[in-house]
Amino acid sequence: MYPPKFGYIRVNSLEEAVKVLEADENAKILAGGQSLMPMLKLRLVRPSYLVDINRVPNLSYISIENDKIRIGALVRHHQVEVNRDLWKIYPALPETAVQIGDPQIRNLGTMAGSLAHADPAADWPATLIALRASVKVLGPSGTREVPVEDFITGPFTTVLGRGEVLGEIVIPRLSGTVKSSYVKLERKAGDFAVVGVAVMLKLSPDGSVEDAGIGITAAGPRPFRAREAEKALIGRKLTDDVIEDAAERAMKESSPISDIRGSAEYKRAMVKVMTRRAIKNALSR
Amino acid sequence: MGMAATLKVGPEERVRIRVKVNGVWYEREVEPRKLLVHFLREDLGLTSVHVGCDTGHCGACTVIMNGVSVKSCQVLAVQADGAEILTLEGLAKDGKLHPIQEAFWEKHALQCGYCTPGFIMETYWLLSENPPNPTEEEIRRGGLSGNLCRCTGYQNIIEAVKLAVQRLRELKTMQ
């Protein structure tokens, strides 16, 4: 299969990419390209130009600071997978990375590209929502920061306006005892999630939950934060009953559709199971 | 390379690329939409790089690009401009098979052979990435989960990778 004809622009900075995208609304960014290439071959997208950002210097950083982690626009899934510090700080991040696609895809695919592509079954949004991450958006009129929760507005749809590109992902670091996990139900290795649930728990010294984040993917038109489930955990000690209550609420907050990966009813039931597992898995760390 | 001037090529134009494949630099003109797999097969005649599913699932087109394994049907040829590529043709040295190739042969890790070059190149990356001693789980999940074989059922392929790990370790201790 051959992609349709398109032009090619190789840029040296994101500012340059912004200029191209502002002038031509049919131009499209090429980062890892692991979702874009199949879509081109199937003619689902017909860009005028591909704007290749892969040669832009200094975008492949994972910067671990005292109060936040910054992830550059060209960080590949594999970089997250093998980052030992991230395994210690937020194991949910590398745990998400290893469950994306397959090794070859993880060698090229990027976290930022996955967010901008906004597949409703993508893995990263669940985890980044649970960790309260935001994205830095560069555009013709400057820079703005948008929470990941608000960044994706629907299937393959984001708040990115004309000429805007995703520059960086910012993940706040919480102090104290913080645990996290991402649990994915998949039909076969490398597939998109049937349902995916990420959990972040900040525990006080007496073991009760001070703060909780729950992000869910593939269970609605867009990845979402399960606020009611979070509330059921905050201020409580994580007994089986409390966990069950939160999982039940997460299920009620979900609105999956029936597709090749399962019926809506099945997926709803799995939201409950995966939420329970994600909480228990985070706690066991 | 990172600081090279902006390049702009129109949809009807061709772009001159330079790619180092199996140690040799090649210069060719390609359409921006040309996939790396077609460049390697049709322009350079490297037919070990197989087109299997053409949708990024099967891994038969796996090659090493700048040190990491990629599916060459998921990369544009123009993206490989300036890159170093290794295909199966570049593995054997002085008429002697690479230890990974030998291991696949000895363990009979193939039936029809169509997926084999992709499996061998992915194994090459796995063993360059994780030299010590990948567990069977690491070989399956972290290594070969992006390569499909429709004949053998994978058992002999896993055995071959384990044997290759052992051989490469022995070679290292000898050096």
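User: What should I know about the numbering and the model before we start?

Analyst: Residues count from 1 along each chain as its sequence is written, and chains are lettered from A and ligands numbered from 1 in the order in which they are written. The model is predicted, so local features need pLDDT of at least 70 and side-chain atom pairs count only at pLDDT 80 or more, while totals for chains, interfaces and linings use all residues; side-chain values use heavy atoms, with hydrogens and water left out.

User: How do you know which residues of chain A and chain B are in contact, and how many are there?

Analyst: Contact means heavy atoms within 4.5 Å. On that test, 40 residues of chain A are in contact with 45 residues of chain B.

User: What does "bury" mean for chain A and chain B, and how much do they bury?

Analyst: Buried area is the accessible area (1.4 Å probe) that two parts lose on being put together, summed over both. For this pair that comes to about 3500 Å², with 51% of it on carbon and sulfur atoms.

User: Why is the link between Lys71(B) and Asp102(A) called a salt bridge?

Analyst: The rule wants a side-chain nitrogen of Lys or Arg within 4 Å of a carboxyl oxygen of Asp or Glu. Here N to O is 2.6 Å, so the Lys71(B) and Asp102(A) pair passes.

User: What makes Lys184(A) and Asp123(A) a salt bridge, and where do they sit?

Analyst: Their closest N and O atoms are 3.1 Å apart, so they also fall within the 4 Å limit. The pair links distant parts of the chain: Lys184(A) is in strand β11 (residues 177–185) of chain A, Asp123(A) is in the loop between α7 (111–117) and α8 (124–130), and they are 61 residues apart.

User: Why are β1(A) and β1(B) called paired strands?

Analyst: Strands are DSSP runs of E, at least two residues long, helices are runs of H or I with at least four, and both are numbered from the N terminus. Two strands pair if DSSP finds at least two bridges between them. There are 3 bridges between β1(A) and β1 (residues 7–9) of chain B, so they qualify, and they run antiparallel. In this pairing, Ile9(A) stands opposite Lys8(B).

User: Which strands does β5(A) pair with inside chain A?

Analyst: One is β4 (residues 62–64), which is joined to β5 (residues 68–72) by 3 bridges, antiparallel, with Ser63(A) opposite Arg70(A). A hairpin connects β4(A) to β5(A) through 3 residues. Another is β10 (residues 165–172), antiparallel over 5 bridges, where Gly72(A) stands opposite Glu168(A).

User: Why is chain A called as compact as a globular protein of its length?

Analyst: The globule rule is 2.2 Å times the number of residues to the power 0.38, and the radius of gyration is taken over C-alpha atoms. For 285 residues the rule gives 19 Å and chain A has 19 Å, so the description holds. Chain A has 12 helices and 14 strands, and its C-alpha trace spans about 60 × 45 × 35 Å along its principal axes.

User: How do you know whether chain B agrees with a compact globule?

Analyst: With 175 residues, such a globule would have a radius of gyration near 16 Å, and the 17 Å of chain B agrees. Chain B has 5 helices and 6 strands, and its C-alpha atoms fill a box of roughly 50 × 35 × 30 Å along the principal axes.
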